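Subject: Structure handover and findings

Hello,

Here is the structure for you to look through. My notes on what was found in it follow below.

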Amino acid sequence: SFVQRAALEKRLTVCCFLNMYVAMFSTFFNIFQLTNVDDAVLPSESGFVLDVARPIEWVLTCPLMQLSLVLMGGAKLPDYRRYLMPSFSVMILSCGTTAAFMNILSLKVLAYVIGVMLFTIMASFNRLQILEYSNGAEGLTTG
């Protein structure tokens with residue numbers, strides 16, 4: 001709450017630190033993906049090999065990026081978004097990872113569709129954040 005209400009310079013500094021963590025996690029997990037330690041053969045006829053470090057990296061970094069967007073919005077955005085937006089990110093990634101490991105096509109499609117619906121809701125909240133921060137002056141088609 002303190003950071004979200006702070007001056008733009010302070011919010012930018014905090015977001016830069018968050019982005020440093022994102023870069024650090026991404027570097028570590030990308031190096032880890034070069035090994036065979038994290039390989040998992042997906043249960044399908046093709047025998048596709050998934051680097052398990054990839055979805056783990058996404059779950060650790062994407063919520064931080066969503067949090068950065070909320071913090072940059074400052075006091076114009078409601079406080080609950082600090083929790084809501086990263087949660088959407090985790091839920092979407094969980095649906096995608098679950099779909100990747102499913103054997104039954106109907107459950108795979110269900111997890112995928114739920115993930116797409118959650119992404120649509122998250123994208124609409126991101127659009128709303130832009131509108132709130134700019135007092136309606138900026139948007140997807142204006143500004």
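With which residue does Asp79 form a salt bridge, and how far apart are the closest N and O atoms? The partner is Arg82, and the closest N and O atoms are 3.3 Å apart. A salt bridge here is a side-chain nitrogen of Lys or Arg within 4 Å of a carboxyl oxygen of Asp or Glu.

Before the rest, some ground rules. This is a predicted model, in which local features need pLDDT of at least 70 and side-chain atom pairs count only at pLDDT 80 or more, while totals for chains, interfaces and linings use all residues. Residues are numbered from 1 along each chain as its sequence is written, and side-chain values use heavy atoms, with hydrogens and water left out.

Salt bridges

The whole structure holds three salt bridges. In one of them, the side chains of Arg5 and Asp79 meet at 2.9 Å, N to O. Arg5 is in helix 1 and Asp79 in the loop between helix 3 and helix 4 (81–101), so this pair ties together parts 74 residues apart in sequence. Helices are DSSP runs (H or I, at least four residues), numbered from the N terminus.

Another bridge joins Glu132 and Arg81, with the closest N and O atoms 2.7 Å apart. Glu132 belongs to helix 5 (residues 105–133) and Arg81 to helix 4, so the pair links parts that are 51 residues apart in sequence. Through shared partners, salt bridges join Arg5, Asp79 and Arg82 into one network.

Arg82 is buried at 14% relative accessible area, and Arg81 is buried at 1%. Asp79, at 27%, is partly exposed. Buried means under 20% relative accessible area, exposed over 50%, and partly exposed in between (1.4 Å probe, protein chains only).

Gln4

Gln4 sits in helix 1 (residues 2–5) and is buried, at 0% relative accessibility. Its side chain reaches the backbone oxygen of Gly74 at 3.2 Å. The side chains of Gln4 and Arg82 are joined by a polar contact of 2.7 Å. A polar contact is a pair of N or O atoms within 3.5 Å; within protein, one must be able to donate a hydrogen and the other to accept it, and residues adjacent in sequence count only if both atoms are side-chain atoms.

Regards

Note on methods
Helix = DSSP H or I, 4+ residues; strand = E, 2+ residues; numbered from the N terminus.
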